[in-house]
Amino acid sequence: MTSVLPAETATSSAPAKVRAGSRRAKRRRTVFYFMAPATLGFLIFFGYPLIATIYYSFTRYDLINPPQWIGFDNYVRMFTSEPLVKTAAYNTLWLVIILTICRVLFSLGVASVISRLKSGVGLVRTLCYLPALAPPAAATLAFVFVFNPQFGPVNRFLHLVGIDGGLWFNSPVMSKPSLTLLALWGSGELMIIILAALLDVPAEQYEAAELDGAGPVRRFWHVTLPSISPVLLFGVVNSMIYALQFFTQAIVAASASAGTADVAGNSKLIGAPENSTLTYPIWLYVQGFRYFNMGYAAAMAVLLFIVSAAFTWVLVRQLRKSQHQEEGA
């Protein structure tokens, strides 16, 4: 037998569906209205500049004459006939590896010490965070003065204890380690983030590990690090992007170590000493705003964006893979 729904039921369900559909459409419009300012800002200040940069990277453009389409010539030049690009890429890669490792480990070490303090935590935390508030140019000038090889207080102190201080920012060998020390001194923001993650680790996990006979090292390795691994990943990604965009400190240090404030007007100072502080963003800036090779600078910017996105994607994928393995185990 077949049952037939009453006409009243069929007619009453249709308006209900219409009302449900109108409510969903209203919610979508509300969400769209709230997201519209952020979406518009993203498209104006990120989407359009990114598309324009990609377009200009395939052109010859000097900011005065109309851009001329030249295809992949800028990219071919970058990889074949531009020796300073290799120097700048090497210096930036050095900073990405060394600075990232040192910055994360230094911030983790300082945060671990602060998390175990019993008194004066607020004062120590404030003192460790204050250098991050210093303007990069002013902090670099102060560091160059402190590490001055002739009259800087660091070398004077080392001389008192019988150690021969180095040339620091005036040496092509010590310039990048000196910039790394400068970056560590101003890593208070990352230290605060890691400190918050350390304080958020449940105390019950430490107690359970201690009951199982785990010592401080094993508790740190098996409890602390897995609990704060997402924050550490953020620190690695943040430090890598920071190193890939290293500009102000390097260009100011090269100028200040030479005893002059002339940076953009004197190409001999850029990357001094001996191009050891010539980073990829600095050479991009020189090509775009000193030599007005804006198309070539755009190609360099596109490559920098691709490398940054690739590093971030690989790190995030590895973290997700490790988390899935731990959950499966």
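Visitor: Which residues do ring pairs link into a cluster?

Guide: Start with the general idea: a pair of aromatic rings is described by the distance of the centres and the angle of the planes. The rule here takes rings of Phe, Tyr and Trp (its six-membered ring) and pairs them if their centres lie within 6.5 Å; planes under 30 degrees apart count as stacked, over 60 as edge-to-face and the rest as tilted. In this structure, ring pairs tie Tyr55, Tyr56, Phe58, Tyr61, Trp69, Phe72 and Tyr75 into a cluster. Keep in mind that this is a predicted model: local features need pLDDT of at least 70, side-chain atom pairs count only at pLDDT 80 or more, and totals for chains, interfaces and linings use all residues. Residues are numbered from 1 along each chain as its sequence is written, and side-chain values use heavy atoms, with hydrogens and water left out.

Visitor: How many aromatic pairs does the rule count?

Guide: The count comes to 19 aromatic pairs. Take Phe147 and Trp168: their ring centres are 4.7 Å apart and their planes sit at 65°, so this pair is edge-to-face. The pair links distant parts of the chain, 21 residues apart, with Phe147 in the loop between helix 5 (136-146) and helix 6 (153-160), and Trp168 in the loop between helix 6 and helix 7 (175-185). Helices (H or I, at least four residues) and strands (E, at least two) are DSSP runs, numbered from the N terminus.

Visitor: Are Phe147 and Trp168 buried or exposed?

Guide: Both are buried. That word means under 20% relative accessible area, while exposed is over 50% and partly exposed is in between (1.4 Å probe, protein chains only). Now try Phe247 and Tyr285, another edge-to-face pair, with 5.5 Å centre to centre and 75° between the planes. Phe247 is partly exposed at 24%, and Tyr285 is partly exposed at 27%.

Visitor: Where is the salt bridge, and which residues form it?

Guide: Side chains of opposite charge can pair when their charged atoms come close. The cut-off is a side-chain nitrogen of Lys or Arg within 4 Å of a carboxyl oxygen of Asp or Glu. A search of the whole structure finds one salt bridge. Glu82 pairs with Arg77, and their closest N and O atoms are 3.2 Å apart. Glu82 is buried, at 10% relative accessible area, whereas Arg77 counts as partly exposed at 28%.

Visitor: What makes the nonpolar surface patch?

Guide: Patches are made of residues with over 30% relative accessible area and no salt bridge: like charges are joined within 9 Å, nonpolar side chains (Val, Leu, Ile, Met, Phe, Trp, Tyr) within 5 Å. Here Leu40, Phe42, Leu43, Ile44, Phe45, Phe46, Phe305 and Ile306 make a nonpolar patch of about 850 Å². Helix 1 (7-56) and helix 14 (294-328) each supply at least two of its residues, and helix 1 gives the most, with six. Leu40 lies in helix 1 and is exposed, at 52%.

Visitor: Which residues of helix 10 are buried?

Guide: They are Arg219, Val223, Thr224 and Leu225. These buried residues pack against helix 3 (83-115), helix 8 (188-199), helix 9 (203-211) and helix 11 (229-244); contact means heavy atoms within 4.5 Å.

Visitor: How many helices and strands does the protein have?

Guide: There are 14 helices and two strands. Buried residues make up 34% of the 329 residues.

Definitions and conventions: Accessible areas come from the Shrake-Rupley method with a 1.4 Å probe; for residues, only the protein chains shown count as cover.
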